[in-house]
Amino acid sequence: MSTHKSSIRRRGTGSTSLEGAAANGTGAGSNYPNYLPVFRETIEPRYDLESPPLPPADSPTRHHRRPSSFHSFLTDKSLESVLNNGDESDEVEDVKTDVLYPRYKASKDDHVDIAAFNRMVQDRTRKMSTGTLQLSKTLSRQNQLYGSSKNFDIHPSGGPSGIRFKIYSSQKNSSISTSLDELLTERGQKALESVVESRGWWVDVLCPSVEEMRVLSKTFHIHPLTTEDIQAQEPREKVELFPNYTFVCFRAIDIDPISDLIRPFNYYTLIFKEGFLTFHFKRSDHCDAVRERCDQLKTYMPITPDWMNYALIDSITDSFAPIILQVEMEAVSIDELSLVLKKSEQADMLKRISRCRKKSTQLARLLGSKLDVIKSLMKRYQDKSRDKKAYTDVLLYLGDIQDHVVTMVQNINHYDRILHRAHTNYLAQVNLELTQTYNMTNNVMNRLTFLATVFIPLTLIGSLWGMNVYVPGKDHTDLAYFYWILAGMAVYCTGCLSFGKRLGLL
């Protein structure tokens, strides 16, 4: 068994084993099936694929390998170290690659790569100036049948209309606040360069396209997993720690003014050491409110990216308060009216209870996951506050938000119990009214049955004297016999009715 076997695992790229090269050829990429891409930065971005150096012909690890569909992102120097250092180097390289993919260099990746942004913008401008044909996107079969799954408006150019990028600086003596329709332009390049040089910058992005996400990921050194979550609009609220930033996914709500339905959407925030980057796919006023708050406070206190993240979470959390107040008023009103309203006024009571319970259940679901996110952020700042006291204030602010969320969840649970009780009381009252109706119907049917029992014998007697045969009294020419028969019927009816009255049948 060879002792130079090396296995390099990739997060998101599979597992690739390097055990040597092909049996024939020297240095050709076709002879080595798992050739690795090496990225080089030149005046124009160009990506070359080079095969790694092959081991000597007499190496015991030189044999064929099956082709692999996965690509590794190792440079030629790191590959040489993997092939030469043996198993000990393999294990260390394995851990670093698995945890810190793509490779993170603190001195290089802590800052914003404006040079890469400029190159990509120039490359895009050059392609557009040469008349490159932009192919229109074809909708998938699912989108053709059921419509697009995106929750923002699309204009003919392929993206949301209006201002989509806002660049802001929270420095005390800075007044930078720029709004842009497109970021990948010369104006966007100058605006970004003017703000990222200082501490406390904020770039807000609305509905980024695939190309814009690629440029921003390269510029701000965003991990591929974060880019994937943003482009897929991951709905789960979470906190993820990366070497150069903290990724927070927090859910906000928007109320449809027509149907009064709650429509949730996500904010994706990246907290860097020097700045703050946000993504969202629906227009809202939360970012504008946070910027106004920063303008009011930056003359009195330093505005840090962690504080801006707190302010955004606080604004989103406060937006739940008016909806919870509406649920409270509706729940109390339903609870008081469920046993007071008359039959004609209870027609829409069940609909009101159902709508209010639906809204309270949705709010409880949205608020429940926020506690986990806030607890994760507080744990992160507790660890950092041991070294720096600057995070203690943010920890106190997050504790205040946590208290608000806990109070909201408790109130929602209380209102849900009120609605459950009102629903139970309403159904009990409806059942009681139905029972009373059934009893009245039964009493009427009992009376009718008794009356039918009384008059059926009379009908029999009348039918006997009406037959065309010889009957008693036929020879009498006066009406005395007839009146005696009527008197007998009257006495019979009187006796039966008095008997039924005594028994409660009438």
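Two strands pair if DSSP finds at least two bridges between them, and strands themselves are DSSP runs of E, at least two residues long, while helices are runs of H or I of at least four, both numbered from the N terminus. Hi everyone, I'd like to start with that because the sheet comes first today.

A word on what we are looking at. This is a predicted model, where local features need pLDDT of at least 70, side-chain atom pairs count only at pLDDT 80 or more, and totals for chains, interfaces and linings use all residues. Residues are numbered from 1 along each chain as its sequence is written, and side-chain values use heavy atoms, with hydrogens and water left out.

So, the sheet. Seven strands make an open sheet with mixed pairing, and the order is β6-β5-β7-β11-β10-β9-β8. Which strands stand at the edges? They are β6 (177-180) and β8 (238-241); each has a single partner strand, so one side of each lacks a neighbour in the sheet. From one strand to the next the twist averages 15°, with axes taken as lines fitted to C-alpha atoms (for helices, over the stretch in contact) and angles running from 0 to 180 degrees between N-to-C directions.

Then β10 runs antiparallel to β11 (residues 275-280) over five bridges, and the hairpin joining them has two residues. Here Tyr267 turns up again, opposite His280 in β11.

How enclosed is β10 (residues 262-272)? Nine of its 11 residues are buried, so the rest of the structure largely encloses this strand. Buried here means under 20% relative accessible area, exposed means over 50%, and partly exposed is in between, using a 1.4 Å probe and protein chains only.

Now for the aromatics. Rings of Phe, Tyr and Trp (its six-membered ring) pair if their centres lie within 6.5 Å; planes under 30 degrees apart are stacked, over 60 edge-to-face, and the rest tilted. The structure holds 12 such pairs. In one of them, the centres of Trp307 and Tyr310 are 5.8 Å apart and the planes sit at 65°, so this pair is edge-to-face. Both residues belong to helix α10 (residues 305-318), three residues apart, about one turn of the helix, and both are buried. There is also an aromatic cluster made of Trp201, Phe220, Phe242, Tyr245 and Phe272. Phe220 is among the buried residues of helix α7 (residues 210-220), and that helix is followed by His221, with a positive phi near 55°.

Two rings have a charge over them, meaning NZ of Lys or CZ of Arg is within 6 Å of the ring centre and within 35 degrees of the ring normal. The charged end of Lys370 is over Phe250, 4.9 Å from the ring centre; that of Arg291 is over Trp202, at 5.1 Å.

Asp288 bridges to Lys166 at 2.9 Å, N to O. That pair links distant parts of the chain, from helix α9 (residues 286-297) to strand β5 (residues 165-169), 122 residues apart. Asp288 also bridges to Arg291 at 2.7 Å, and these two lie three residues apart in α9, about one helical turn. Asp288 is partly exposed at 27% relative accessible area, as is Lys166 at 23%, whereas Arg291 is buried at 7%. Separately, shared partners join Arg164, Glu182 and Glu212 into one network of salt bridges. Arg263 and Asp256 bridge as well, at 3.1 Å; Arg263 is partly exposed at 39%, while Asp256 is buried at 17%.

Last stop, the annotated segments. An unreviewed UniProt entry places "transmembrane region" at residues 448-467 and 479-500; UniProt positions are in the numbering used here, feature names are shortened, and annotations may be inferred rather than shown by experiment. In the model, 448-467 is 90% helix and 0% strand, with end C-alpha atoms 28 Å apart. For 479-500 the values are 95% helix, 0% strand and 32 Å. Thanks, everyone!

Technical notes:
A salt bridge is a side-chain nitrogen of Lys or Arg within 4 Å of a carboxyl oxygen of Asp or Glu.
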